[in-house]
Amino acid sequence: MSIFSVNPRQASKRRMPWRMLALLLLSLLLHGMFINWGTGRLSFPSLGSGEPQVVSIALQPAAVAEPVPSPQAAPVPPPPAPRRKPGPRPAPAPEPVAAEPASTPPEEPVATLPAEPAAEPSRDVQDDPADAPPAPPAVAEAAASTDPAPPAAHAKPRYKALPPPSADLRFEVQSLREGQMVYGRGTISWHAANGRYAVHGNASVLFFTVLEFASEGELDDSGVAPVLYSEKRFRRSLTNTHFQRERETISFSASTASYPRQGGEQDRASVIWQLAAIGLGDATQFQPGAQIDLMVAGSRDMDPWHIRVIGEEQLASDFGTISAWHVVRNPKPGSYDQRIDIWLSPGHYWYPVKIRYTETGGDFLDMSLSKIETAASR
């Protein structure tokens, strides 16, 4: 064996300390690097000088790492509204010709609400339709349709009428009540002058007044036009019926009923004298089978009376035989009202020469003329 040969196991033992020293230095170097990394500085030992050269490295967060604000924390402002492009200017309007329906509503509505007269002092400025904004035509037409219709004018009189002259009539009265016949007297006073009239009447049996009535009013183109009617029956309270011309209504003290007054209405006392005025105005209006229709008010309400002309009859009286037209008013079916029969004498200014009131049960009150007193006979 050569003297220069070296045992491999020995050579390995000689190199072991150097390897361990290199590993120790590398470990110290790595520990220093980690310590400087944590403090933000990375330093490497300098081989030429005793002081290590320090390299500073600043760690900055990446821009992508910045937190994006949520939409709720910072709402995105709405985009600006697009500007309207100015349209073409309208051509000048031509001269006014025949109006044609426009596709767009005109500046002023075609139909507007009817305005109240400007001269009315009690109107409030805020309620003046002239101060309110104009309504569309459809709204104006709908509102105009709900306006109350103006009061209807009084109808032209259906019958020619001429009221008879004033007179005081005396009657013999007989009454059937609960199967017993009793007798008495009655009067009707008719006074017509200076465009007004007044009627007062009563019927008494024994010592009791079974019926008392009064009517007063005016005389106009339709004949007798009552203003107030009063009625008092046996054991009943006095009632009044008002024909109010200012309010154009007919009202009653014995009920809350109310009816419009249109002209020609009568009450239970004036209706007899209205029939006399119709006969005196034109006798041809009385024909057998003819019917005279009148609105008649009683003490509580008003009903249409369909007065049927029966015919001309001969009646015995204190004046001898009297020719009289017999008319009858029948109550409505199912009504408890009275049937009324009236006989009017053309030879005595169509005065009533006989009147009979018949109840539904059969009782009646009959008044037959016994005396006539006129202005000429007094």
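S222 counts as buried because its relative accessibility is 14%, where buried means under 20% relative accessible area, exposed over 50% and partly exposed in between (1.4 Å probe, protein chains only). The model is predicted, so local features need pLDDT of at least 70 and side-chain atom pairs count only at pLDDT 80 or more, while totals for chains, interfaces and linings use all residues. Residues are numbered from 1 along each chain as its sequence is written, and side-chain values use heavy atoms, with hydrogens and water left out.

S222 lies in the loop between β6 (208–220) and β7 (223–233); helices (H or I, at least four residues) and strands (E, at least two) are DSSP runs numbered from the N terminus. The side chain of S222 makes a polar contact of 2.7 Å with that of D220, that is, a pair of N or O atoms within 3.5 Å; within protein, one must be able to donate a hydrogen and the other to accept it, and residues adjacent in sequence count only if both atoms are side-chain atoms.

Further along, β8 (residues 239–244) pairs with β9 (residues 249–252) in the antiparallel sense over 4 bridges, pairing requiring at least two bridges found by DSSP. T241 stands opposite F252 in β9. The hairpin of β8 and β9 has 4 residues between the strands, and E248 takes a positive phi near 55° there.

β9 also pairs with β10 (residues 258–260), antiparallel over 3 bridges, and T249 faces P260 in β10. This hairpin has 5 residues between β9 and β10.

Helix α3 comprises residues 270–281. Of its 12 residues, 11 are buried, among them W273 and G281.

Conventions:
Expected span 1.5 Å × (residues − 1).
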